[in-house]
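Please look at the structure first, then read on.

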Amino acid sequence: MTAGEGCLKLPFVDLVSLIPDTVKKMNALDKSLFDSSIDVPAIKCLPALCGMVQKEFKYILFNRPHFRKIIPCEEKNSKDRLILLHTHIKTKDDLNKKQLDFMEKNRCTFLIHHMTISYNDFTFDEIVKKIFPENTKDIVTSFETVGHIAHLNLKPTMFDHKKLIGELLLDKNKNIKTVVNKTNSIEETFRFFKMELLAGEDRMNATVHEHGCVFEFDYSKVYWNSRLQTEHQRIVKEISPEDVVYDVFAGVGPFSIPVAKKVKEVYANDLNVESYKALKHNAELNKVQVKAYNLEGREFLDQIVIEEGICKTDTCESLSNRKKHIIMNLPAIAPEFLDVFADKYATFNLPLKIHPNILIHCYCFCKTKTPEEEAILRVSEILQVDISPTSKVHFVRRVAPNKVMMCVTFNLIWFEHKVEKCSCTNITSEFSRKRPAEGGDIPMEGKKTRL
Ligand SMILES: C[S@@+](CC[C@H](N)C(=O)[O-])C[C@H]1O[C@@H](n2cnc3c(N)ncnc32)[C@H](O)[C@@H]1O
């Protein structure tokens, strides 16, 4: 089957080969270096016939986004139009019989149109492909946009060209006003990137929209990752209006703010004071109630989640349909914070059971070929209990060729007496400690008795 006879659509017209080699020597953006020309096949017809011609030749049109396919005929006093065809068509002989018959019947002519091409006709990807053929993929896929900010993660081999790449990115993306490059380091605790300005305005206050909420924050001081939006939405969907949410590493609120639109009780925490301020600001901005804290994660888990949330909760309530969700998104080290629960198990040597209504969503990075098992094992080892009977592991995203981000959701293992006091339910799931604390079970006497 030849092009134009049916379903065989030609690919986008690639203009990279037209870009002169001189652009490779450019240190700063010089748009005049991109001027060139191209011969494009075209069908000349009366203006009234444009629609019909486009329909007849739809599979072989000059196929390129943001490019006009119909242009005025440049012949003197002519009112005709030119319908541009794909550059794969070289002569009239490349057209099929049906197309030739159509042209004859409608008095159309085939011609070659000489067209000038300039910088504005090339896409960012094409320019990068011409100047940096070996690094195209790295550059084109290495940037993320956060509001008006484009955030690059360039390899050291590209550092000599970073200003030019910044200028191109800024010039070719009308919504981008600031281009920054991630410098080698990430702020260890608060997970935000150190950045240098490559092009545009030195303005780091970003406004981002995610799932019907608006977030404002200083991107140079807090963590934000637009690639997590599907994950934020997945967790928010799992939570019911009557539930309670504890967001231990809340950042500027991408879980807490949307969830507070449907849930009355949301407790959100972040140790970074800038995130904490932005979290409160975003709650106001979105007109939702979030109880915000600026505590170390372990302190938040101990005081707000365990003491205030779990221990003081009426057992009947805790066994109603009202679930508590504890979200722990600090994938590099979140499982380690579960030692707060392990410490409680060791301090109060009481029988343990699966709590039916407290769910923990704990994120971690995995590097083995079996990330599901790795994630469950890591959490189980820190808790010193086997969480596998209730755990579900979700693949969040690949962060590097050998590193994935996973989310383990499991029921909290909690003290049996606290759960069983309630007569309105019967919990049958049996649970056993994975291994006793070193030195055997810790006797209750002389230990804290308040839970
Ligand atoms: C990976 S970010 C996640 C932010 C947000 N939940 C999201 O999904 O985009 C982790 C957050 O944990 C905060 N953080 C880091 N260490 C902490 C700690 N020890 N206690 C509490 N928050 C901490 C950081 O400031 C950062 O905002």
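Leaving aside its neighbours within four places in sequence, which residues is M406 in contact with? The partners of M406 are C364, C366, P371, A375, V393, H394, F395 and V396. Two residues are in contact if their C-beta atoms, placed from the backbone, lie within 7 Å.

## Basis of the model

This is a predicted model, in which local features need pLDDT of at least 70, side-chain atom pairs count only at pLDDT 80 or more, and totals for chains, interfaces and linings use all residues. Residues are numbered from 1 along each chain as its sequence is written.

## The chain overall

The protein chain has 13 helices and 17 strands. Helices (H or I, at least four residues) and strands (E, at least two) are DSSP runs, numbered from the N terminus. Of the 451 residues in the protein chain, 36% are buried. A residue is buried if 20 or more other C-beta atoms lie within 10 Å of its own, exposed if 12 or fewer, and partly exposed in between; these C-beta atoms are placed from the backbone.

Take the contacts in the protein chain between residues at least 6 apart in sequence: 68% of them join residues at least 24 apart.

M406 sits in strand β17 (residues 403-415). M406 counts as buried because it has 21 C-beta neighbours inside 10 Å. Y363 is 43 residues away along the chain, yet its C-alpha atom is separated from that of M406 by 5.7 Å.

The largest nonpolar core has 97 residues, and M328, M406 and V408 have the most contacts inside it. Strand β15 (residues 352-366) gives the most to this core, with 10 residues. Domain 2 (124-203) and domain 3 (225-420) each supply at least three residues to this core. A nonpolar core is a set of buried Ala, Val, Leu, Ile, Met, Phe, Trp, Tyr and Cys residues joined through C-beta atoms within 7 Å. The domain bounds come from an automatic or database domain assignment.

A second, separate core of 16 residues includes A42, L61, L84 and M103. Two of these residues also face each other in a strand pair: the bridge partner of A42 is L84 in β3.

Strand β1 (residues 36-45) and strand β3 (residues 81-84) pair in the antiparallel sense over four bridges. Two strands pair if DSSP finds at least two bridges between them. C45 stands opposite R81 in β3. Strand β2 (residues 70-72) also pairs with β3 in the antiparallel sense, over three bridges. There, I70 stands opposite I83. β1 has another antiparallel partner, strand β4 (residues 109-117), with nine bridges between them. In β4, T116 is the bridge partner of S37.

## I131 in helix α3

I131 lies in helix α3 (residues 124-131). I131 is buried because 20 other C-beta atoms lie within 10 Å. Beyond its neighbours within four places in sequence, I131 is in contact with V23 and K24. M26 is 105 residues from I131 in sequence and 8.8 Å away in space, C-alpha to C-alpha.

## The ligand

Where does the ligand lie? Domain 2 (124-203) and domain 3 (225-420) both give residues to the shell around the ligand, so the ligand lies between them. Of the 20 residues around the ligand, F249, G251, L271, N272 and G297 come nearest. A residue is near a molecule if its C-beta atom, placed from the backbone, lies within 6 Å of it.

The shell divides into nine nonpolar, eight polar and three charged residues. Ala, Val, Leu, Ile, Met, Phe, Trp, Tyr, Cys and Pro count as nonpolar, Asp, Glu, Lys and Arg as charged, and the others, Gly among them, as polar.
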